[in-house]
Each structure stands twice: as C-alpha cells, then as structure tokens.
Amino acid sequence: MNPQKKLLDWYLLHKRDLPFRKKKQAYPIWISEVMLQQTRVAAMLPLFENFLKRFPNPESLAKATEEEVLSYWKGLGYYSRARNIRKAAITLVQQYNGSFPKDLNSVLKLPGIGNYTARAILSIAYDLPFAVLDGNVKRVLSRYIGYTKNILGPKADVELQEKADEFLNQSYPGDHNQAMMELGATICLPESPKCLLCPLMEGCFARIHGKTNEIPLRQKEKKQILLKGDIWAIEKGNEYLLIKERTNRFLKGMFHLPYGFMGDLPDPVYSPSPFLEYLRSHWKEVSHIGSFQHTITHHKLDFSIFHIAITDPKELKTILERMELDFKWVKRDDLEAEFPSSLAKKVRTRLSS
Ligand code: SF4
C-alpha cells in the first residue's frame, strides 16, 4: 500500500470530530483556518461557533461594522486578521456573489489570505489538488523525506511546497491535507513523536536514521525588538478616552488608549503619534500608576501607565479635532469591550488597584 493510502486510512479512522469539518463549505472552513493560525483548537471552538452564529455567511460579515467584527474576535488576538476577513467578505459579495472563487490566484488576491489558507480552502471545500504547508505539515514532511536544511531559511517554503505537491494524494487532496495536519498535531509531535503509531513510519527518513530530534532544523533569524513606551489613561468622570489613529505600528484603525514609544527607536515606524507627543510636552500633572510588559509577535513592549483625571475636556477636544483623530469616552467597565486587546485588561487591572 502506498504511503498516501496508509495516511488516508489512518485519518479516516482517527480524525477528530470538529464542527468546521462537518460540511465541505468554503466559508466556515475559511473562518476556522484563519482563527486557527494563532490559536489552539480548544480555545478557538467557542469563539468560532459564536462568530458563525452572528456572521453565518459572507453577506452578514460584509454588512457588519469593523468594530462589531473586532468585538467577535475578542480573545483571539492579532486583530488585523478580523479586519481582513471583513474586507475579504466585502470583496466576495461585490465580485463573486458571496461565493468563494475556485482558482488559486483569485483566492490569493483576497485580503489576508495567504498561500496556506487559500490552499486549505480550495482543497478541503472543493477537493482541488493543492497541498497545504503549515507548521505541522512542514514537520511531518521534513522528517518523512529527510529535509535537513533550516525550515526557517529563505528557500525552505518553496522547496517544501514542491515536496508537499509531489506527496499530495491527487484523488483526495482535502482529506490528505487534513491528515497531514492531524498527524502533525497528534502523532508527529515536535518533542517525542509517536512513531510506532504513525502510518508513515515504514518509509520515514527521520525515524529510520534516528534523527527525529534534529529534523526539522529551526534556526530563528528574526531578533526580538524591545520597545519602551507609555500608555495614557485619561479620565473624565468614570470614563476613559479612546482614540483611533491611522499611522501607528500596532492597533492600527481600532480604538485604543493613547500610547507611544520613546528612547532609541529601531525604526521610524515605531515613532509616537503627534497626539502622544503633545500630551507628554504639555500635560505635566500626570501620575505614574504602574507598568507591565506585553508581547506582540517579536516585539517585547515595556509600558508605563500614566493616569490623569480632567474635569474640562474642551482643550482635549480641540486638540483631537485639530489632529483629525476619532475619539470616544468609555466607561471603565466597558474598556475591554470597546478596546478589544489584552492590553486593555492589563491597564484596567492597574486602574482598579
Ligand atoms: S514516523 Fe515518526 S517522525 Fe516519521 S512522520 Fe511518523 S511520527 Fe513523524
């Protein structure tokens, strides 16, 4: 029996009962794949079901405001994914009558959909012959074929994609892709793979040569960036100021507490907003109420929190309007709902203490 057939038989016997795999429909498969990019299945499932209840199809998603979509993404992080999902839904409604196109290039043009997601949707929903390559598949494949180069290297994705395409089961591409991902998630684990339970054990290079600890080789090239900054809790009564900026590096386009970085910045893209610069130079009556650390991708942020209570918001309003910034005042208890980032929770904890 060829390895693809063994893999398929194993998958059909062992696959997990997951709601987004029940029907071969592009829309739920798309949403689930995007959610799963940074989140484990168990954590993502309740949010997925909630999201699908509110946005059961591209039309409902396209009609919703960005803020509402972001609020349904709360808990998943990496909010640019939610913004892109909404934009892509608008394109699907406007250009494809609410359906997913069936060719790879058209799907790749949709906002936020990369090679992996496009291939996953097309193979799982439409059984089209596109092999996927995510972290789990890279590990299984590189061990199986004996790919000993750095899988984080510049050519690795192209070379492994070729190998994945060659290894694809052309008759059942959707199930084959899911089988590879499932094998990586449950059997071919990063540490201590369960080779004796693996349907690919007979021909596996890493198992035969005792190299499962060495393959895949992962040599990180991206250095962590450390940033020091301040975040401002400006209070009026029991309400806090949230602003929306277009140019900042993080939380772009969403309401957030004013924040900025300082010191030797590694890149102008981290420069503080003009609004923060203004606050720092004109408002001296602020209290330092705490600090915390926060991580976003390869950035480690070291934030000090400043608090100021104001009674007359006129000056502030004038500055915000002059700078053409959207803003709103929200109650302390609503901070996390209105500013859906774990940053809000960290600030709110300090405000309450
Ligand atoms: S035999 Fe072991 S190392 Fe090879 S694919 Fe299976 S679980 Fe992974």
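1. Where does Pro 216 have its place? Pro 216 is in the loop between α12 (205–208) and β1 (225–236), with helices (H or I, at least four residues) and strands (E, at least two) taken as DSSP runs and numbered from the N terminus. A cis peptide bond joins Ile 215 to Pro 216, with omega about 0 degrees.

2. Ground rules before you dig in. This is a predicted model, where local features need pLDDT of at least 70 and side-chain atom pairs count only at pLDDT 80 or more, while totals for chains, interfaces and linings use all residues. Residues are numbered from 1 along each chain as its sequence is written, and side-chain values use heavy atoms, with hydrogens and water left out.

3. The overall picture: the chain has 16 helices and 6 strands, and its C-alpha trace spans about 80 × 45 × 35 Å along the principal axes. Of the 353 residues, 48% are buried (under 20% relative accessible area; exposed is over 50%, partly exposed in between; 1.4 Å probe, protein chains only).

4. On to the ligand. Around the ligand you'll find Arg 143, Ile 187, Cys 188, Pro 193, Cys 195, Cys 198, Met 201, Cys 204, Arg 207 and Thr 212, each with a heavy atom within 4 Å of it. That shell splits into 7 nonpolar, 1 polar and 2 charged residues (Ala, Val, Leu, Ile, Met, Phe, Trp, Tyr, Cys and Pro count as nonpolar; Asp, Glu, Lys and Arg as charged; the others, Gly among them, as polar).

5. Two backbone spots to look at. Tyr 78 isn't a glycine, yet its phi is positive, about 45 degrees. Tyr 78 belongs to the loop between α5 (66–72) and α6 (80–96) and counts as partly exposed because its relative accessible area is 38%. Ser 192, another residue other than glycine, has a positive phi near 45 degrees. Ser 192 is in the loop between α11 and α12, and its 58% relative accessibility is why it counts as exposed.

6. Finally, His 176, buried or exposed? His 176 counts as buried because its relative accessibility is 5%. This histidine lies in helix α11 (residues 173–186). Leaving aside neighbours within four places in sequence, His 176 is in contact with Gln 4, Leu 7, Phe 167, Leu 168 and Asn 169, contact being heavy atoms within 4.5 Å.
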